[in-house]
Amino acid sequence: MGESYETLESFLQEQRLFPPSAAFKKDAVATAEIYEKGKDPEAFWESMASELHWFKPWDRVLEWNLPFAKWFINGKINASYNCVDRHIQGPFRDKTAIIWEGEPGEERTLTYSDLYQEVNRFANALKKLGVKKGDRVTIYMPMIPEIVVAMLSCARIGASHSVVFGGFSAEALRGRINDAEAKVLITADGGYRRGKVYPMKQATDEILKDTPTIESVIVVRRVGETLQMAMKEGRDYWYHDVVDAAEDYCEPEQMDAEDMLFLLHSSGTTGKPKGIVHTTGGYLTGVYATFKYIFDYKPEDIFWCTADIGWITGHSYIAYGPLLNGATQVMYEGAPDYPDRGRWWSIIEKHKVSILYTAPTAIRSFMRWGIQWLEKYNLSSLCLLGTVGEPINPEAWIWYYKYVGSERCPIVDTWWQTETGQIIITPLPGITTCKPGSATHPFPGTEAEVVDEQGSPVKPGGSGYLVLTKPWPAMLRTLYKDEKRYIETYWGRFPGKYLTGDGGKLDEDGYFWILGRVDDIIKVAGHRISTIEVESALVDHKAVAESAVIGIPHEIKGEAIAAFVILKEGYEGVPEMQKELAAHVRKEIGPVATPETTIFVGELPKTRSGKIMRRLLRDIATGRALGDISTLSEPGVIKELKQKYESEEKE
């Protein structure tokens, strides 16, 4: 990656600038002084931490023995207390905390007082089942309010939660339970997805014989009589039974700032999933501050993060960040296109959502479906839009800004990771002039660089590896039971610098552009080309809704480019369209970036968090055995793609 990205110049010739409006700037939560304060990271983060409740203040802000950080040394705090108790002692007691929409159409509303009561009772139920401070509890549930209750209840009694995404297979669940050595499993009978019921308790029954540390299973009744399932006496308990039998108040444990709050497994492309350890004081401080300033949060706002709680985005910006700030938020169980493609917009209209935080992959799907679905609904309540999960193509950014935000809502394009715990690179609304496709600048109190092969910072206009150069409060502390892997994976390449695994570029104005995973670089006849660059050029074409680009072996060039393209409705994948797209990429980037092969497809292989799995596309294109597909949202897509690719090759 140290070589120049000659063709990236075209990608970064983004001249459209979007400064904050005078009206937004006037009332913005963040002011320009925040960057000045961020120049002293310890003082900045100390001021943020002081806005939370601590049973005992810290002795020192930071102890940094590279690569191991400790924040708020000897401070005592409780996550549950800060998310719930703190608010019911003031004017937020009867404020709505969660507005939940079930896929079939149910709605539930929980105030902070309701949440307080439910968390206290469930925390006592867990204690009665023998869960104590230091234990691990696995949570495997659909997107229902009880998943938040379960997380906060664990935190209240000092047990670490390990959430496993509800769409994962039983095998994936087993591996994560055993790695965490969990004592209790909290699940549901099932959940809803696109009108279908999917079983969860049945899936857990398959693997519990191979999870020796599990003593009890608690089951939330979500779908009722729809599913027939067994409850094993002495091991399995209905959630409503244990909660109804529990006492009303549970004293919150006074946790050390460095006690583990949760374990979250991140799927690597190879090897077993990494158990990422997040601790309490620093993590809460990081997500509290970033939510407050990046989303310009005000007490009257209605926030909606569309992620699943099974991912870090859901942990930080559903379960913790909003509740720490006393926010009202929407939670939705189902898909964006069920019962029709206007479901999200109907929810925004119904609940007057003011802040929407979603993934570029969702935005590109909406582009493909057409603006007629938006035009049916009143989206005037929206004030701020956010993106998360992967770099956003400039044209998708513009579409989001124009059609969803009606050219009045700032966009915060955020970069961060499971490992960082909190948003790291982002615009601040009211301050930052945005460039479509750029994550802009590091959040105050954090520092990032783009470095070359030797680890030296590149000059403006240069590209290389994205690294973080200073510790930040919500950073992972280690990998669970694998300190050696933690050091090698994140700190082994460039001494003193955290390796993110992403490529980056600094433009002449000092803006950061995220180029995707380092692996997603194609070398064509000596030219290094980023997949995101070619994908952005393709999406820039009026007919293209979404694309994924990979490198395939080529006798002369070394590698050539293969493009998998989803067309917008109304366009056909005919040979003329292939030629038109090739000409378009040539014009936008140059001949070297022209796809050798363009395959029109109906879907792309994506993880359940919405990321395109280019690795699987490479496996298909090269005829290799397919790697792990347990994280795929729609496993059947692979078969269709394989057939499509092979038929194209024969032609």
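Reader: Which residue stands opposite Phe 303 in E17?
Author: This is a predicted model, in which local features need pLDDT of at least 70 and side-chain atom pairs count only at pLDDT 80 or more, while totals for chains, interfaces and linings use all residues. Residues are numbered from 1 along each chain as its sequence is written, and side-chain values use heavy atoms, with hydrogens and water left out. Strand E16 (residues 302-305) pairs with E17 in the parallel sense over three bridges (strands are DSSP E runs of at least two residues, helices H or I runs of at least four, numbered from the N terminus; pairing takes at least two DSSP bridges). In E17, the residue opposite Phe 303 is Gln 329.

Reader: Which residues of E17 are buried on the side of Gln 329?
Author: In a regular strand the side chains alternate between the two faces of the sheet. Five of the five residues of E17 (328-332) are buried (under 20% relative accessible area; exposed is over 50%, partly exposed in between; 1.4 Å probe, protein chains only). Thr 328, Val 330 and Tyr 332 are on one side, and on the other are Gln 329 and Met 331.

Reader: At roughly what angle do the axes of H4 and H11 cross?
Author: Axes are lines fitted to C-alpha atoms, for helices over the stretch in contact, with angles from 0 to 180 degrees between N-to-C directions. The axes of helix H4 (residues 41-49) and helix H11 (residues 281-294) come within 9 Å. The axes cross at roughly 85°.
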